[in-house]
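Hi there,

Here is the structure I promised to pass on. My notes follow below it.

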Amino acid sequence: MELVERLLRGDKRAAAKAISLLEDYDKKAADVLGAIYPHTGKAHIIGITGPTGTGKSTLVFALAKEFRKRDKKVGIIAIDPTSPYTGGALLGDRIRMGNLTLDEGVFIRSMGTRGHAGGTSRATADVIKVLDAMGMQKIFAETAGAGQSEVDIARIAHTSIVVEMPGLGDDIQAMKAGILEIGDIFVVNKADLDGVDSTLANLSLAVEREKPSGWKPKMLLTVATEDKGITDLADLIEEHYDFLKESGTLETEGVERAKEELRAALSQHLFLRVLERPELIGEFNNLVQMIAKKEMDPHSAAEKLLGLAGIA
Amino acid sequence: MTKLRVLVAKPGLDGHDRGAKVVARALRDSGVEVIYTGLHQTPEQIVEAAIQEDVDAIGMSCLSGAHMTLFKTVMDILKEKGIDDIVVTCGGIIPDEDVTKLKEMGIAAVFGPGTPLRDIVDFHRKIAGK
């Protein structure tokens, strides 16, 4: 494919078009993925998550500038929520990243969640593959503002950074399962605000527990708008990546990730296999009516559709 | 499942983005993925953002009077890069006598003050149906 050849040479326009194919589940999406897949696996993928307003975009901007100084090519995927009612989205993360737009070694793409819960979109992992294949070395995936259980990013990223700020939550919230369990690095951004000490004390509960890999999560203070703490954070990101490589975790987690990817692809393909068939769309709508009237349960209806599609 | 993507951009130095934000919001509510660039973008930044975001349309807003220069530069860069699949529209404070010139430059629509949001939304719906 000519498009893939161009994107492998680092052509941004080709990469952008390829990403759209993946996001839209175009018929050519599978071909694109197939062609770029052998060229992936070289990038370090860093997930940035945390509540709305903690400064994730500004932090990504500051980190991107820092890694550019270190001669790394930087890809950024910034995810914002899609309206569940209209399907529209206002993607505004570029506002905080303006000056990077013209940097040759930076590629930024905004994405809507498009109906996917968990702070990412269904195509996020695939889109990261494009940036990886085009030669980006550090890829930041910034989730939509996350609450407590948006933990998808940990399945996609090598290094997960949870961004908090002073004044959010208390010690009980820090004990709950979910987002605070996935952090390899915890950043308290806006550390020039009051309340840093109690935020650190609360987070220390989350930091105490070693990850299954043996990595002990670290905490760090930043003021991203003033580039404070950014060099240390970049060092820590590199330290975690080195740990993953040296401990063999990168490899073992790679297998886990492959399993997740296959699972996701399987459910998506099954879904499309059924709904691609015009004769089954009518049946789908009939079953929806029956489920709404409580004449059939959704699981039996799904089995029925699979049967009609010749899969069950 | 192609989704319409539109870049809403504020070129130049004017800081009046109420109009751009209202348009962005209206497009969002009609199901469009709107990428908002923020203020003070150079024409080069706008075109590059449009490329990386692979948008179907760019909507620029300018209230400072510099529209003839700024919009023309954007159109020139698009042409130079051989990009002909992005529809460009504009809005802001644009005198009537400039509208024809802007259209000659290749700008598809000029949405001046008082344009009903419905018109802007409908225009973009038509692009979606292209």
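Which residues does L7(A) touch, not counting those up to four places away in sequence? The list runs A14(A), A15(A), A18(A), I36(A), V130(A), A133(A) and M134(A), where contact means heavy atoms within 4.5 Å.

Before going on, some housekeeping. This is a predicted model, in which local features need pLDDT of at least 70 and side-chain atom pairs count only at pLDDT 80 or more, while totals for chains, interfaces and linings use all residues. Residues are numbered from 1 along each chain as its sequence is written, chains are lettered from A and ligands numbered from 1 in the order in which they are written, and side-chain values use heavy atoms, with hydrogens and water left out.

**Confidence**

The predictor gives the complex an ipTM of 0.90 and a pTM of 0.90. Chain A averages a pLDDT (the predictor's confidence in each residue, from 0 to 100) of 89, and 96% of its residues score at least 70. For chain B the mean is 93, with 98% of the residues reaching 70 or more. Helices (H or I, at least four residues) and strands (E, at least two) are DSSP runs, numbered from the N terminus. Where pLDDT is low, the predicted coordinates should not be read in detail.

**Cores**

L7(A) belongs with F107(A) and L131(A) as the residues with the most contacts inside the largest nonpolar core, which has 44 residues. Helix α2 (residues 12-23) of chain A gives the most to this core, namely seven residues. A second, separate core has 29 residues, including L7(B), L78(B), V88(B) and C90(B). A nonpolar core here is a set of buried Ala, Val, Leu, Ile, Met, Phe, Trp, Tyr and Cys residues joined through side-chain atoms within 4.5 Å. Buried means under 20% relative accessible area, exposed over 50%, and partly exposed in between (1.4 Å probe, protein chains only).

Helix α5(A) is mostly covered, with nine of its ten residues buried. Among them are V130(A), L131(A) and A133(A), along with the charged-class K129(A) and D132(A). After α5(A) comes G135(A), which has a positive phi near 105°.

The structure holds one cavity of 30 Å³ or more, and the largest cavity has about 60 Å³ of space. On a 1 Å grid over the protein atoms alone, a cavity is a set of points where a 1.4 Å probe fits but cannot get out; a pocket is an open set with protein on both sides within 12 Å along at least five of seven lines, and lining residues have an atom within 4 Å of a point. Grid points are joined across faces, edges and corners, and a volume is the space filled by probe spheres set on the points.

The lining of the largest cavity draws on both chains, with R13(A), A16(A) and K17(A) alongside A50(B), I51(B), D54(B), V55(B), I83(B), D85(B) and I86(B). α2(A) supplies the largest share, three residues, and α2 (43-53) of chain B also supplies at least two. Six of the lining residues are nonpolar, none polar and four charged; Ala, Val, Leu, Ile, Met, Phe, Trp, Tyr, Cys and Pro count as nonpolar, Asp, Glu, Lys and Arg as charged, and the others, Gly among them, as polar.

The largest pocket holds about 1300 Å³ of space. Its lining has 44 residues, and R122(A), A125(A), D126(A), E261(A) and A264(A) lie nearest its centre. α11(A) gives the most to this lining, 13 residues. By class, the pocket lining has 18 nonpolar, eleven polar and 15 charged residues.

**Loops**

D71(A), in the loop between α4 (56-69) and β2 (74-80) of chain A, has a positive phi near 70° and is exposed, at 66% relative accessible area. D227(A) sits in the loop between β8 (218-221) and α10 of chain A; its phi is positive too, near 60°, and D227(A) is partly exposed, at 39%. Most residues other than glycine have a negative phi.

V151(A) lies in the loop between β5 (138-142) and α6 of chain A and is partly exposed, at 23%.

Best wishes
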